[in-house]
Amino acid sequence: MRKYKLKIPKTRRTFCKFCKTQTTHAVALAKKKERGTLRIGSIARLSKRGSAKTGFGNHGKFSRKALSAWKRMGAKTSKKSDFRLKCSVCNKTQVRSSGKRTKKLSIEDKAV
Ligand SMILES: [Zn+2]
């Protein structure tokens, strides 16, 4: 098991999709956003479950309990984190996933 923090350098040379070349980027953590309720799936689910007009019969995938009741939700203790990469040339940002799971993470000055 890894005991140490994953250290991420503050700047990284990587591809900028706006400049179409490799440029230096400033690295920061992207904040995770809470999922809103007004999505297509949520609206469909609400209209199926919430409305009293159909009190019988199978509602398909909307008949299930909450996902956490029957699926192994939250089994993993680590999380993949997203980074905000800000291009030093065009000042535009792009969000990219780290692709690796870590419990602890720190963004540091020195390039590792
Ligand atoms: Zn750029």
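This is a predicted model: local features need pLDDT of at least 70, side-chain atom pairs count only at pLDDT 80 or more; totals for chains, interfaces and linings use all residues.

User: In what order do the elements of the chain run?

Analyst: The chain holds two helices and six strands. Read from the N terminus on, the order is β-β-β-α-α-β-β-β.

User: How many bridges join S3 to S4?

Analyst: Two strands count as paired if DSSP finds at least two bridges between them. S3 and S4 run antiparallel. One of the residue pairs between them is Ala-26 with Lys-86 in S4. The number of bridges that join S3 to S4 is five.

User: What is the strand order of the open sheet?

Analyst: S2 and S3 pair in the antiparallel sense over six bridges, and Phe-15 has Gln-22 in S3 as its bridge partner. S4 and S5 also run antiparallel, joined by seven bridges; among the pairs are Leu-85 with Gln-94 and Lys-79 with Thr-102. Four strands form the open sheet with antiparallel pairing, in the order S2-S3-S4-S5.

User: Which strands stand at the edges of this sheet?

Analyst: A strand at an edge has a single partner strand, so one side of it is left without a neighbour in the sheet. The strands in this position are S2 and S5.

User: By what average angle are neighbouring strands of this sheet turned against each other?

Analyst: Axes are lines fitted to C-alpha atoms, for helices over the stretch in contact, and angles run from 0 to 180 degrees between N-to-C directions. For neighbouring strands of this sheet, direction is ignored. The average turn is 45°.

User: Which residue in the hairpin of S2 and S3 takes a positive phi?

Analyst: Most residues other than glycine have a negative phi. The hairpin has four residues between its strands, and the loop lies between strand S2 (11–16) and strand S3 (21–29). The residue there with a positive phi of about 65°, although it is not a glycine, is Lys-20.

User: Is Lys-20 buried or exposed?

Analyst: A residue is buried if 20 or more other C-beta atoms, placed from the backbone, lie within 10 Å of its own, exposed if 12 or fewer, and partly exposed in between. Lys-20 has 8 C-beta neighbours inside 10 Å, and therefore counts as exposed.

User: What phi does Asn-91 have in the turn between S4 and S5?

Analyst: S4 and S5 form a hairpin with five residues between them. Asn-91 lies in the loop between strand S4 (79–87) and strand S5 (93–102), and is exposed, with 9 other C-beta atoms within 10 Å. Although Asn-91 is not a glycine, its phi is positive, at about 65°.

User: How far apart in space are Arg-45 and Phe-62?

Analyst: Arg-45 is found in helix H1 (residues 40–50). With 15 other C-beta atoms within 10 Å, Arg-45 is partly exposed. Arg-45 and Phe-62 are 17 residues apart in sequence, and their C-alpha to C-alpha distance is 6.1 Å.

User: What share of the residues in the chain is buried?

Analyst: The chain has 112 residues. Of these, the buried share is 4%.

Note on methods. Residues are numbered from 1 along each chain as its sequence is written.
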